[in-house]
Amino acid sequence: MATQHIIIGGGPVAINAVETIREFDAAAQVTLISDERAHSRMALPYWLSGQVPREHTYTADDASLKQLNVDARIGQRVESIDPDGSTVTLDDGSTLAFDNLLIATGSSPSELQIPGTDLSGVQNLWTLDHTQSLLDTIDGKERPKVVMIGAGFNACIMVNAMYKRGWQLAVIARGQMPSARVIDEGGAALVEPWLREKGVELHCGATVPSITDAGDGTKVVELDNGTTITADAVVMLVGVKANTDLVHGSGIEMDQGILVNDRMQTNFANIYAGGDVAQGPALYSDKPEVHAIHPTAVDHGRIAGANMAGHEVHYPGSLSMNVLDNCGLQTFCFGNWNDAEAETMTISNPGGYIYRKLLWRADQLVGAVLVGPANDMGMLTDVGMVKGILQTQTRLGQWKQFLAENPFDIRRAYIGAGVAQKLIGMTLTGQASRPRGFRFDGKIPTAKVSDAHATFMGTK
Ligand SMILES: Cc1cc2nc3c(=O)[nH]c(=O)nc-3n(C[C@H](O)[C@H](O)[C@H](O)COP(=O)(O)OP(=O)(O)OC[C@H]3O[C@@H](n4cnc5c(N)ncnc54)[C@H](O)[C@@H]3O)c2cc1C
């Protein structure tokens, strides 16, 4: 009999797992249960900013799921899991049996416990529905004013999207902007003045005791320092929590997320977890970590999918990273960029909005922070090379001293230490992933590839 795989979720973990299962096993039964249609949350800011239509956030549709031979239950929820009986129960009361289960339920924004969060025009900004709701609230307003409560990774991404729309923005941060979980103090010291210069109103070191309705459609956000801000919409993004409700009391082991090994298995060998809900191997830590970012979700989906399909592969671990465009100032943090024990090399040019920090354990780079204007091409290529060094965990030997003397010449160290060769040979599952082939409504992109782009792409 064909193996029965059940996947809960419709984000990048789920879709990558389905596609990987099909790479190894055409006959397996795959059932996908997701309360939202399959999409990529990291594409939501591009829709919010007006750069792409809503449809470009979708990652699968009925036709592509049919082509993958998936029994897709979109709009349904899994209510409970019975690990010993190997069954899940859905919101319509039906029960499905599995040989392998993948929990890919993602994460949600933490709730702000203050009066006024239930007012219309006051909302989270995490899902397709949230994004639509904000666009509806500001519809028809020429330069709406939006208050963002929060200064974490997702808050910064959404501030940038709204900035691109030309909206008036105020950000309330409990600490620095961006928050200490997003960047170090040296980097934040450049982001704050840059954002002020761009007209973003920052209220750092402040909290919000309440939000009230002004009666004319606007909302009034009160700060603990006595300041009040009137806005057309208020967005709350004050933290992230893994969607682990399903596993509470089930016997599946958890810490900050569902604990998984390097095959994405939980303490039940036939139950896997991945992405924002999972706490798994990390490249620069001995302990499992939650890395709630898209690249980790893709990796987890592919590793889980391969193992579920009987192809044993082991994950070296995910690389923690925050990559942000802060209204034109780009910030990149990789690995253990807040490691207080690490040896550091730092360059700072506040006038040019340039800041770089490399963190070392002996001759191994273990973290990096790079900050610079978006049009600084040199920095952008350096970023890719720094990430490659960290991803391959290459010890740099003599190149460490070279970088101490030539901090902007990452290229020579990258080539000299053989990082490019290592990257070319690296795959997650032992084989390259196939082109996805999914296009919404089967539409072919209308943009033409420029000659320069074709030459660049043709060199590999
Ligand atoms: C606004 C925003 C912007 C982001 N931008 C970036 C970025 O620029 N770069 C980056 O690396 N990361 C970004 N991220 C993070 C990235 O999107 C997540 O890390 C990634 O989506 C996690 O994938 P996942 O498959 O684990 O979960 P998700 O994408 O959250 O998908 C999980 C799905 O499962 C569904 N589900 C949950 N419980 C159940 C249930 N019981 N039954 C049925 N379905 C259920 C959920 O509704 C959801 O649709 C962003 C996130 C947000 C919210």
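Is aspartate 441 buried or exposed? In this predicted model, aspartate 441 is exposed, with 8 other C-beta atoms within 10 Å.

**The parallel sheet**

Five strands make up an open sheet, in the order E9-E16-E10-E11-E12, and their pairing is parallel. Strand E9 (122–123) and E12 are the edge strands, each pairing on one side only.

On one flank, E10 runs parallel to strand E16 (residues 233–236), and four bridges join the two. Within this pairing, valine 147 stands opposite valine 234 in E16. E10 also pairs with E11, again in the parallel sense, over five bridges. Here valine 146 has leucine 169 of E11 as its bridge partner.

Strand E11 (residues 168–173) is mostly covered, with five of its six residues buried. E11 pairs in turn with strand E12 (residues 201–204), in the parallel sense and over four bridges. Isoleucine 172 stands opposite histidine 203 in E12. The chain gets from E11 to E12 by way of helix H6 (residues 185–197), in a right-handed β-α-β crossover. Another right-handed β-α-β unit is built from E10, helix H5 (residues 153–164) and E11.

| Strand pair | Bridges | Residues facing each other |
|---|---|---|
| E10 and E16 | four bridges | valine 147 and valine 234 |
| E10 and E11 | five bridges | valine 146 and leucine 169 |
| E11 and E12 | four bridges | isoleucine 172 and histidine 203 |

Strand E12 also holds leucine 202. Leucine 202 and glutamine 176 are 26 residues apart along the chain, and their C-alpha atoms are separated by 9.7 Å.

Helix H1 has 13 residues and reaches 19 Å from its first C-alpha to its last, close to the 18 Å expected at 1.5 Å a residue. H1 is mostly covered, with ten of its 13 residues buried. Among them are Pro12, Val13, Ala14 and Ile15, along with Glu19 and Thr20.

H7 gives a similar picture to follow. At 1.5 Å a residue, the 15 residues of H7 should span 21 Å, and its end C-alpha atoms are 21 Å apart, which agrees. Because 13 of its 15 residues are buried, H7 is largely enclosed by the rest of the structure. Just after H7, glycine 310 takes a positive phi of about 90°.

**Backbone details**

Most residues other than glycine have a negative phi, and most peptide bonds are trans. Against that background, a few places in this chain deserve a look.

The peptide bond from methionine 177 to proline 178 is cis, with omega near -10°. Proline 178 belongs to the loop between E11 and H6.

Alanine 362 is not a glycine, yet its phi is positive, at about 55°. This alanine lies in the loop between strand E25 (354–361) and strand E26 (364–373). With 10 other C-beta atoms within 10 Å, alanine 362 is exposed.

That brings us back to aspartate 441, in the loop between helix H11 (419–425) and helix H12 (451–458). Its phi is near 60°, a positive value in a residue other than glycine.

Technical notes. Residues are numbered from 1 along each chain as its sequence is written. This is a predicted model: local features need pLDDT of at least 70, side-chain atom pairs count only at pLDDT 80 or more; totals for chains, interfaces and linings use all residues. A residue is buried if 20 or more other C-beta atoms lie within 10 Å of its own, exposed if 12 or fewer, and partly exposed in between; C-beta atoms are placed from the backbone. Two strands pair if DSSP finds at least two bridges between them. A crossover is right-handed if, with the strands pointing away from the viewer, the path from the first strand over the helix to the second runs clockwise. The expected span of a helix is 1.5 Å times one less than its number of residues.
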